[in-house]
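Subject: Structure handover and findings

Hello,

My notes follow below it.

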Amino acid sequence: MTSNGAPSPEAMASPEATATGAPRPGGSGLLAGRSVSRIGYGAMQLERLHGDRPAAIALLRRAVELGVDHIDTAQFYGDGLANGLIREAIRPEDGVLVVSKVGAASNPGGPVRLRLAQRPQELRASVEDNLTSLGVDQLALVNLRRTDTGPGLRAEGDQLVDIDDQLAVMVAMRDEGKIGAIGLSSVSLDVLRRAIPAGIACVQNAYSLVARDDEDMLSLCVAEKIAWVPYFPLGSAFPGMPKVTDEPAVRAAAQSLGSTAQQIGLAWLLRHAPNVLLIPGTADADHLEANIAAGAITLDGATLAALDAVPTRSAVVPLG
């Protein structure tokens, strides 16, 4: 209930529809104890609209209209730009679960646009920054971005921090009410196993049809009822990383079903495991609608078998 006695947006949502009454694209999944649409939205691409704030706001509003009630963001997406746009566009009555991330910080002017921020005091500072820029008293779910696996930076020196030390401050902030739930990103199977006793709501790792290194971890998440939220769900623009849309089996399925190769890649993920939640990002309204429409694609047995037979390749492309 809200402070005035009215039902909360979360209570108004259901497995079939969001708090706004929109059908859930891809169906319903669980995240941090809440029902959310299995197709959400990743806010990183909002930075591409930095010169057109009205367009960015309209894109977020359109996502809500289409049934998105899970948005993934971070203070380091556009150095606070994404969070500010979400704060302006998303209303309490929308019932959107906004998920943020810590473990890195913006690095304007640097050779790489991010720097790691893995130390406990940096994690706490990042939570405070997210609270401020989103304009909330509590972050519903915070992902701790590590560097154990996947593409991107690798920790060294004082940025090599044990997971136990990081979880200690994350749990403390949860106890303080600053965050509601804890997730992990770019983690290894061993780290996840060590972290599970602390209570883990989701895992965000690089994972797609063509990069399935983490199949054992996905199985563990299914068993532990931990949401699996893959980033780079279609591969990546990183040189050397495979792309789902280049696969002949994916292209053939798209032609047969009258869809796009991108939609087939997303539909495969939804079919592959029941705990998969997607957060494809885009700065284009038509692309947003196409991503949402992937939730309605049905893959028959023969098509699914052909896609499952696509070989997996490593998604490890360190930047430094």
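**Overall picture**

Among contacts in the chain between residues at least 6 apart in sequence, 72% join residues at least 24 apart; contact means heavy atoms within 4.5 Å. Please note that this is a predicted model, in which local features need pLDDT of at least 70, side-chain atom pairs count only at pLDDT 80 or more, and totals for chains, interfaces and linings use all residues. Residues are numbered from 1 along each chain as its sequence is written, and side-chain values use heavy atoms, with hydrogens and water left out.

The chain has 11 helices and 11 strands. These are DSSP runs numbered from the N terminus: helices are H or I with at least four residues, strands are E with at least two. For 320 residues, a compact globule would have a radius of gyration near 20 Å; the chain has 19 Å, which agrees. That radius is taken over C-alpha atoms, and the globule rule is 2.2 Å times the number of residues to the power 0.38. Along the principal axes, the C-alpha atoms fill a box of roughly 50 × 50 × 40 Å.

Of the 320 residues, 54% count as buried. Buried means under 20% relative accessible area, exposed over 50%, and partly exposed in between (1.4 Å probe, protein chains only). The chain exposes about 13,400 Å², and carbon and sulfur atoms supply 53% of that. Accessible areas come from the Shrake-Rupley method with a 1.4 Å probe; for residues, only the protein chains shown count as cover.

**Strands**

Seven strands form an open sheet. Their order is E3-E4-E5-E8-E9-E10-E11, and the pairing is parallel. Two strands pair if DSSP finds at least two bridges between them. The edge strands are E3 (41–42) and E11, and each pairs on one side only. Inside the sheet, three bridges join E9 (residues 182–185) to E10. Ser 185 stands opposite Gln 204 in E10.

E1 (residues 28–31) and E2 (residues 34–37) pair in the antiparallel sense, over four bridges. They form a hairpin with two residues between them. Leu 31 has Arg 34 in E2 as its bridge partner. In the turn, Ala 32 has a positive phi of about 55 degrees.

Helix H8 covers residues 248–257, and its buried residues are Val 250, Ala 253 and Ala 254. Seen down the axis of H8, they fall within an arc of 100 degrees, so they line one face of the helix. The arc is that of the directions from the helix axis to the C-beta atoms. On the other side of H8, Pro 248, Gln 255 and Ser 256 are exposed. The cover over the buried residues of H8 includes H9 (261–272) and H11 (301–308). Just after H8, Gly 258 takes a positive phi of about 70 degrees.

In H11, the buried residues are Thr 303, Leu 304 and Leu 307. Down the axis of H11, they too fall within an arc of 100 degrees, so they line one face of the helix. They pack against H8 and H9. The face of H11 turned away from its buried side carries exposed Gly 301 and Ala 302.

**Aromatic pairs**

Rings of Phe, Tyr and Trp (its six-membered ring) pair if their centres lie within 6.5 Å; planes under 30 degrees apart count as stacked, over 60 as edge-to-face and the rest as tilted. The count comes to three aromatic pairs. One of them is Phe 76 with Tyr 77: edge-to-face, 5.4 Å centre to centre, 90 degrees between the planes. Both residues are buried.

Tyr 207 and Trp 228 have ring centres 5.5 Å apart and planes at 90 degrees, so this pair is edge-to-face. The pair links distant parts of the chain, 21 residues apart. Tyr 207 is in the loop between E10 (202–204) and H7 (215–224), while Trp 228 is in E11 (residues 227–228). Tyr 207 and Trp 228 are buried.

**Two single residues**

Asn 275 is in the loop between H9 and H10. At 13% relative accessibility, Asn 275 counts as buried. Leaving aside neighbours within four places in sequence, its contacts include Leu 218, Cys 221 and Trp 228.

Asp 286 lies in H10 (residues 285–293) and is exposed, with a relative accessible area of 60%. Asp 286 and Asp 190 are 96 residues apart in sequence and 40 Å apart in space, C-alpha to C-alpha.

Best wishes
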